[in-house]
Amino acid sequence: MMICYCLIQEGQLSQENVSLLEKSIENIVEENLASGAKQSWVVIPKGNGWIGGEPSTSSLVLLTTPDIEQAARVDLLGAIRDLWTEVTGCTVDEIMITAPPLSSLVA
Amino acid sequence: MPLYICVAPCGSIPDTGKQQISRSITRIHCEVTNAPPTFVHTLFFDQGQVSSLGPLWKDVGPGCPYQVFGSIRSGRTDDQKERLISGIRGSVAEVLGVGVEQVAVATGDTEAKWTMEGGHMIPEPGEEEAWTNPDWMRKK
């Protein structure tokens, strides 16, 4: 089971969009990693998210993976990028996705 | 990337302080690494929220009221990391009006090849020109 943390800015996404993203991430993980992912969503309260010293509108996603080829990782990241921009209407500059191997997080 | 997460006691940093700190972190990170400022993320959380952050957060100074953990691209030199840590520590302490002993700062390396931002895989430090050619990273 992989883990997925989604950090979003308060007031930026509707509950409907969050639900759609949750379900779609589940599908992407299943298709790309043949695995499930336990998702945790964290809302960053207004005034607590900054980018370049200015208020941020960016979402951040961390999704662990098994040990996979780099091309597969690029495809996975691209699928989440495309999902996020399509569902939320954000630009590619407003989504950062990190997909480290789960093994890299084990102390 | 980078992503700096700042943790403090609930309500201890005013909104103006958060902006000052985010600007200081951005300035210091860019001075040390030459990275573009538009990619420097700074997030603030209360101490009670850190358990919700999973692997995004590391307790960098147990017992220390103000902590900053920065996830930065791997490949930075030890000297760069030391300059980041000392610069941010001093700056946060100055903004908050507290002693540097009350501020703990650490960084952790994240492989560039694991991260996509601005629509593309982020380049290794020193290879920023590759940002305009995402096919390059696919071959890595």
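**Entry 1: Ile21(B)**

I started with Ile21(B), which is buried at a relative accessible area of 2%. My cut-offs: buried is under 20% relative accessible area, exposed is over 50%, and partly exposed is in between, with a 1.4 Å probe and protein chains only. I'm working on a predicted model, where local features need pLDDT of at least 70, side-chain atom pairs count only at pLDDT 80 or more, and totals for chains, interfaces and linings use all residues. Residues are numbered from 1 along each chain as its sequence is written, chains are lettered from A in the order in which they are written, and side-chain values use heavy atoms, with hydrogens and water left out.

Ile21(B) sits in helix 1 of chain B, residues 15–33. Helices (H or I, at least four residues) and strands (E, at least two) are DSSP runs, numbered from the N terminus. I then asked which residues Ile21(B) touches, not counting those up to four places away in sequence. I got Cys6(B), Ile13(B), Phe44(B), Val92(B), Val95(B) and Leu96(B); contact here means heavy atoms within 4.5 Å. I also checked Ala93(B): 72 residues from Ile21(B) in sequence, but 9.5 Å away in space, C-alpha to C-alpha.

**Entry 2: cores**

Next I looked up the nonpolar cores, meaning sets of buried Ala, Val, Leu, Ile, Met, Phe, Trp, Tyr and Cys residues joined through side-chain atoms within 4.5 Å. The largest has 26 residues, and Ile25(A), Val61(A), Leu63(A), Leu76(A), Ile80(A) and Trp84(A) have the most contacts inside it. In chain A, strand 1 (2–9), helix 1 (15–33), strand 5 (59–63), helix 2 (70–88) and strand 6 (95–98) each supply at least two residues of this core. Helix 2 of chain A gives the most, with seven residues.

**Entry 3: two sheets**

I took the sheets next, counting two strands as paired if DSSP finds at least two bridges between them. One open sheet has six strands in the order 4(A)-3(A)-2(B)-1(B)-3(B)-4(B), with mixed pairing. Strand 4 of chain A and strand 4 (103–110) of chain B are its edges, each pairing on one side only. Strand 1 (residues 3–8) and strand 2 (residues 41–46) of chain B run parallel, joined by six bridges. Within that pairing I noted Val7(B), whose bridge partner in strand 2 of chain B is Phe45(B).

Helix 1 of chain B lies across strand 3 (49–51) and strand 4 of chain A, plus strand 1, strand 2 and strand 3 (66–73) of chain B; it runs at about 140 degrees to strand 2 of chain B. For these angles, axes are lines fitted to C-alpha atoms, for helices over the stretch in contact, and values run from 0 to 180 degrees between N-to-C directions.

The other open sheet I looked up also has mixed pairing, with six strands in the order 2(A)-1(A)-5(A)-6(A)-5(B)-6(B). Strand 2 (37–44) of chain A and strand 6 (120–121) of chain B each have a single partner strand, so one side of each lacks a neighbour in the sheet. Strand 6 of chain A pairs with strand 5 (residues 115–117) of chain B in the antiparallel sense, over three bridges. There, Ile97(A) has Met116(B) as its bridge partner.

Helix 2 of chain A lies across strand 1, strand 2, strand 5 and strand 6 of chain A together with strand 5 and strand 6 of chain B, at about 150 degrees to strand 6 of chain A.

**Entry 4: between the chains**

How many residues of chain A are in contact with chain B? I got 36, against 33 residues of chain B. The buried area is about 2900 Å², 64% of it from carbon and sulfur atoms; that is accessible area (1.4 Å probe) that two parts lose on being put together, summed over both. On the chain A side, Trp50(A), Gln70(A) and Met96(A) lose the most, together 22% of what that side buries.

**Entry 5: salt bridges**

My search of the whole structure gave six salt bridges over all chains, each a side-chain nitrogen of Lys or Arg within 4 Å of a carboxyl oxygen of Asp or Glu. One salt bridge counts between chain A and chain B. Arg23(B) and Glu54(A) form a salt bridge, closest N and O atoms 2.8 Å apart. The pair joins two chains because Arg23(B) is in helix 1 of chain B and Glu54(A) in strand 4 (residues 54–55) of chain A. I logged Arg23(B) as partly exposed at 42% and Glu54(A) as partly exposed at 38%.
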